[in-house]
Amino acid sequence: TVFVTAAGFSAPAASPAAETPSPWSSSAFAGLTLTRGNSDTVLFTGNVKTARKDKQNEWAFGVDGAYGENNSIKNNETLHGFGQYNQLFNERFFGYLRADALHDGIADVNYRVALSPGAGYYLLKDQDTSLAVEVGPGVVFEKRGGEEKTFATLRVAERFEHKLSDKARIWQSAEFLPEVSKFENYVINFEAGIGASISKNLELSVVLQDNYV
C-alpha cells in the first residue's frame, strides 16, 4: 500500500501554561485529497504520535490510518499502531522492545501483530540530527485471507531525523522484517516526510508511506 499526502497539518499538543513543560512531545496530523471529474477519488489520512526522552529512557507511541475510494470503490483501508521503549546503556547504545499492529483491508490482512526485542545504536546524535540503526529477533502473529499464521522474524531498521532550521525538519524511517525460515517472505515499512512550522502549534507536512508485503 502506497500513499502520498500532499496537504496535511501536524499540530503539536499545546501544554497548559506551567513553570515545568510536559516531558512528552505530541502531534496530530490529518490529510484529505479529493478529485472530481472523469475520476472521483477521496483519500483520508491521519496519525497521532507522542514521544518522551531523557538520559536513560525513550518512549514512542503512535497510531495512523488511511481510507480511500476511487469511483465509490474502496482502494485504501489501513490502521496501524506501534509502541517502542528504549533503554540507553550509554549515550549511543540502547536495547529496545517494540510492538506493532496492522490492519489492511485491501491486502486482506485482518491483523498482523509483531513483537521484537533488540539492540540499537545511534550513528549520529546531536541537537539537530539523529540516525539510529536497530536489529533484533521477533515473532509475528498474522491473519491474512482468513488463514492464521505465527512465525519467527528478524527486524532490521533505521530511523533518521534532521532539523533544517528552527521551523523545518525532515525525517525518514525504514524496517525490513523477513520470515526466518523463508526469507523471500518479508515486509518492508518505509516513511519519509518534510514539515515546516506555520505557527507555534501548526505544521504543514508532506509525507510518503509505503507498506510492502
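Visitor: Which loop holds Asp108?
Guide: Asp108 lies in the loop between strand S6 (93-104) and strand S7 (109-125), where strands are DSSP runs of E of at least two residues, numbered from the N terminus. This is a predicted model, in which local features need pLDDT of at least 70 and side-chain atom pairs count only at pLDDT 80 or more, while totals for chains, interfaces and linings use all residues. Residues are numbered from 1 along each chain as its sequence is written, and side-chain values use heavy atoms, with hydrogens and water left out.

Visitor: What about phi of Asp108?
Guide: Phi of Asp108 is near 60°, which is a positive value in a residue other than glycine.

Visitor: And how accessible is Asp108?
Guide: Asp108 has 42% relative accessibility and counts as partly exposed, the class between buried (under 20% relative accessible area) and exposed (over 50%), using a 1.4 Å probe and protein chains only.

Visitor: Where is Asn71, and what is its phi?
Guide: Asn71 sits in the loop between strand S4 (57-70) and strand S5 (73-88), and its phi, near 50°, is a positive value in a residue other than glycine. Asn71 is partly exposed, with a relative accessible area of 42%.

Visitor: What does the side chain of Asp104 reach, then?
Guide: The Asp104 side chain reaches the backbone nitrogen of Ile106 at 3.2 Å.

Visitor: New topic: which strands does S10 pair with?
Guide: S10 (residues 168-179) pairs in the antiparallel sense with S9 (residues 147-163) over 9 bridges, and, also in the antiparallel sense, with S11 (residues 182-199) over 12 bridges; strands count as paired if DSSP finds at least two bridges between them.

Visitor: How many residues join them?
Guide: The hairpin from S9 to S10 runs through 4 residues, whereas the hairpin formed by S10 and S11 has 2 residues between the strands.

Key
Polar contact = N/O pair within 3.5 Å; in protein donor to acceptor, adjacent residues only side chain to side chain.
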